[in-house]
Amino acid sequence: MSQGPRSGLAAVSSALLAMSRHLEVRDVLKTIVASARELLGAQYAALGVPDDHGGFAQFVVDGVSDAQWRAIGPLPRQHGILAAMLREAKAERLADVRKDPRFEGWPSAHPDLADFLGLPIRDGDEVIGALFLANKNCPKPEGSCGFTQDDEELLSILAQHAAIALTNARLYERSRELTIAEERSRLAHELHDAVSQKLFSLRLTAQAAAALVDRDPARAKGELHQVASLAAEAADELRAAVVELRPAALDEDGLIATLRTQTQVLDRAHTARVTFTSNGFRALPAAQEEALLRVAQEALHNALRHSGADRVEVSVVRRGNGAVLRVTDDGGGFDPTAVRRAGRHLGLVSMRDRASGVGGTLTVESAPGKGTTIEMEVPGG
C-alpha cells in the first residue's frame with residue numbers, strides 16, 4: 001500500500017471507526033472524504049451523491065477552502081469522468097485527468113487537477129455515490145501516475161465500508177423522520193385532548209355565567225373569573241404545544257441558543273420561573289444535540305404540566321469532551337421506584353431511549369415533595 005502520511009492497518013482502522021461514529025448523512029460524507037484524502041495522501045478529495053436529474057443531491061469536498069468553494073460556483077453536473085464512474089460503476093485511475101478525452105474542463109476558480117483516482121460507492125447493484133481523489137502528495141516522474149494499484153485497492157476497501165456507513169446513516173435519518181412524525185401525531189393528539197377539554201369547560205362556565213347574570217350577579221361574576229382562568233390555561237396549553245412542535249433551529253442557532261430561546265418562551269407562558277444557564281459547552285454531533293434538546297423539552301413539559309413547580313432550572317455544561325444536561329424543579333416530585341407508573345406517565349422510558357441512542361446516560365432524582373432532577377450525559381463526538 002502507498003506510504004502516505006498515515007499508511008497501514010492502524011490508519012485504515014482509524015478511518016473506518018471515524019465513519020461508523022457518525023449517524024447524520026452529511027457528517028458521514030465529510031468523514032469519508034477527509035479519511036480518504038488523509039489515508040492516501042491526496043491534495044484534494046470529493047464525494048458526490050447523485051440525484052435523479054443529472055446533478056448531485058450532495059457534494060462534499062476536502063482540501064478546498066470555503067472561499068475557494070464559493071468562488072467555484074454551482075455544484076457540478078454528472079458529466080465527464082464523474083458520469084462515467086456513475087454509469088459504468090468502475091474505477092478510474094488516470095495519470096492526468098486533463099488529457100482524458102472525456103475531460104470537459106472546470107470553472108476558472110477550480111483547483112488545477114492532474115493525477116486522478118475515482119471509485120463508485122455501491123450498495124448492491126445501486127451506485128449511491130462517487131468518491132475521487134486528485135494530486136497525490138508525492139514525487140511524480142514525468143508521465144507516471146501519482147496513484148498506484150495499491151492505492152486503488154485501498155480506496156476500494158474504504159469505498160465498501162463507506163457504502164455501509166452511508167446506508168446506515170440514511171436508514172437512521174429515515175427512522176428519525178418516522179419518530180418525528182410519530183411525535184407530531186402524539187403532540188397533536190395531546191393538544192386536541194387538552195385544549196378541547198379546556199374549551200368545553202370554558203363554554204359551560206360562560207353559559208352558567210349568562211344564566212346567572214340577572215338573578216345572581218355575584219355568582220355570575222365568580223363564573224366569569226373562572227372563564228378568564230380557563231382561557232388563560234388554554235392559552236398556556238397552546239403556547240407550550242407550539243414551542244414543542246416548532247422545528248428546532250439546531251443547524252442555524254445551535255443547541256445553546258435554541259434552548260435559551262425555548263426556556264424564555266416557556267418562562268413567559270407559565271407562572272413558574274424558568275431559567276437557563278450554560279458553561280463551557282462546545283458543539284456536538286447533530287444527533288447528540290437533538291437528543292439533548294428533546295430530553296430537555298420532555299423534562300420541561302413534565303415540570304410545567306405535572307409537578308406544580310414554582311421554579312424550573314435548565315443547565316448545559318461541558319464534561320470532558322461531552323456535555324451534561326440538567327433540568328431541576330422544586331415541584332411535588334414522585335417516587336422513582338414506581339418505575340412502570342412514573343415511566344409511562346412522565347416519558348422517562350422515551351428519555352432513556354433517547355439518551356442510550358446516542359451513547360449517553362439518563363439519571364432521575366426525585367422524592368415526593370422534594371422536586372425532581374433529570375440529568376442526561378452524552379460523550380463527545
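View 1. In β7, T277 has S315 as its bridge partner. Strand β7 (residues 311-319) runs parallel to β6, and 7 bridges join them. Strands are DSSP runs of E with at least two residues, helices are runs of H or I with at least four, and both are numbered from the N terminus. Two strands count as paired if DSSP finds at least two bridges between them. The model is predicted: local features need pLDDT of at least 70, side-chain atom pairs count only at pLDDT 80 or more, and totals for chains, interfaces and linings use all residues. Residues are numbered from 1 along each chain as its sequence is written, and side-chain values use heavy atoms, with hydrogens and water left out.

View 2. The open sheet holds 5 strands in the order β6-β7-β8-β10-β9, with mixed pairing. β6 (273-279) and β9 (361-366) are the edge strands; each has a single partner, so one side of each lacks a neighbour in the sheet. Twist averages 10 degrees from one strand to the next. Angles run from 0 to 180 degrees between N-to-C directions, with axes fitted to C-alpha atoms, for helices over the stretch in contact. Helix α8 (residues 286-306) packs on this sheet, touching β6, β7, β8 (322-329), β9 and β10 (372-378). Contact means heavy atoms within 4.5 Å. The direction of α8 makes about 5 degrees with that of β8. Helix α10 (residues 348-357) touches β9 and β10, at about 145 degrees to β9.

View 3. A nonpolar core is a set of buried Ala, Val, Leu, Ile, Met, Phe, Trp, Tyr and Cys residues joined through side-chain atoms within 4.5 Å. Buried means under 20% relative accessible area (1.4 Å probe, protein chains only). This core has 36 residues; V312, V316, L325, L362, I374 and M376 touch the most other members. Helix α8 gives the most, 10 residues. Beyond four places in sequence, the contacts of M376 include A291, L292, V295, L325 and L362. Another core, of 29 residues, lies apart, among them L40, V49, L119 and A162.

**View 4. The antiparallel sheet.** Here 5 strands form an open sheet, ordered β2-β1-β5-β4-β3, with antiparallel pairing. β2 (56-62) and β3 (92-94) stand at the edges. Strands β1 (residues 42-50) and β5 (residues 126-136) pair over 6 bridges. G48 has A130 of β5 as its bridge partner. Helix α2 (residues 25-40) packs on the sheet, touching β1, β2, β4 (116-123) and β5.

Key: Buried < 20%, exposed > 50% of the residue type's maximum accessible area, 1.4 Å probe, protein only.
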